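Hi,

Have a look at it first and then read on.

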Amino acid sequence: MEKLHWSVDSLVLRDHTYFGFGWAFHEDKTIVGIKLTVKTPGGHSQAISATYGNPRDDVASHFSGKQNSLHSGFVMYGSCKSDAESGDTLALLVQFDDGTAVELPVSVSSLI
């Protein structure tokens, strides 16, 4: 997936509520959805949806001329019974308009 560029710029967890923002774009495919998934060691999974398509001039400037880079911003906010600080794992699930998806690991150490 070398044509997929992404970053979780900030991720905060307070009382089982996640708030985060970042950006993601694929040079050829259109992203139709982004979710933060929280998976417990026992296999239980919950997803927090993100709003996607926010303008990110900084990303467009850095990736000058790359299709889809301008409206690549996302914001996520939601509560979750699981808590990444208790051994759960985090991933960014990126869904494309062709029905495919990719799961990108997010480091728990990135939590603020």
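F19 comes out as partly exposed, at 35% relative accessibility. For the cut-offs: buried means under 20% relative accessible area, exposed means over 50%, and partly exposed is in between, with a 1.4 Å probe and protein chains only. F21 is also partly exposed, with a relative accessible area of 33%.

Before going further, the ground rules: this is a predicted model, where local features need pLDDT of at least 70 and side-chain atom pairs count only at pLDDT 80 or more, while totals for chains, interfaces and linings use all residues. Residues are numbered from 1 along each chain as its sequence is written, and side-chain values use heavy atoms, with hydrogens and water left out.

Back to the two Phe residues. Searching the whole structure turns up four aromatic pairs. F19 and F21 are tilted relative to each other, because their ring centres are 6.5 Å apart and the planes sit at 55 degrees. The rule here is that rings of Phe, Tyr and Trp (its six-membered ring) pair if their centres lie within 6.5 Å; planes under 30 degrees apart are stacked, over 60 edge-to-face, and the rest tilted. There is also an aromatic cluster, formed by W23, F25 and F63.

F19 and F21 turn up again in a nonpolar surface patch with V75 and Y77, and together the four have about 380 Å² of accessible area. Patches take residues with over 30% relative accessible area and no salt bridge, joining nonpolar side chains (Val, Leu, Ile, Met, Phe, Trp, Tyr) within 5 Å and like charges within 9 Å. The areas are Shrake-Rupley values with a 1.4 Å probe, and for residues only the protein chains shown count as cover. Strands β2 and β5 each supply at least two residues of the patch. Y77 is in β5, and with a relative accessible area of 60% Y77 counts as exposed.

So how do those strands pair? β2 (residues 17–26) and β5 (residues 73–79) run antiparallel over seven bridges, and Y18 has G78 as its bridge partner in β5. β5 also pairs with β4 (residues 45–54), again in the antiparallel sense, over four bridges; there Y52 stands opposite F74. Two strands pair if DSSP finds at least two bridges between them. Strands (E, at least two residues) and helices (H or I, at least four) are DSSP runs numbered from the N terminus.

Is I34 buried or exposed? Buried: I34 has 2% relative accessibility. I34 lies in strand β3 (residues 31–39). The C-alpha atoms of I34 and A47, which are 13 residues apart along the chain, are separated by 9.7 Å.

Now the charged side chains. How many salt bridges are there? The count comes to six, with a salt bridge being a side-chain nitrogen of Lys or Arg within 4 Å of a carboxyl oxygen of Asp or Glu. Here are three of them, with their surroundings.

D9 and R56: the closest N and O atoms are 2.9 Å apart. This pair links distant parts of the chain, since D9 is in strand β1 (residues 4–14) and R56 in the loop between β4 and α1, 47 residues away. D9 is partly exposed at 35% relative accessibility, whereas R56 is buried at 16%. Outside the four places on either side in sequence, R56 touches D9, F21, G22, W23, S69, L70, S72 and G73. D9, R56 and D58 are also linked in a network of salt bridges.

E27 and K66: this salt bridge has an N to O distance of 3.6 Å. E27 sits in the loop between β2 and β3 and K66 in the loop between α1 and β5, so the pair ties together parts 39 residues apart in sequence. E27 is buried at 17% relative accessibility, and K66 is partly exposed at 36%.

E103 and K39: here the side chains meet at 3.0 Å, N to O. E103 belongs to strand β7 (residues 101–106) and K39 to β3, so parts 64 residues apart in sequence are tied together. E103 is partly exposed at 40% relative accessibility, and K39 is partly exposed at 30%.

Cheers

Key
Contact means heavy atoms within 4.5 Å.
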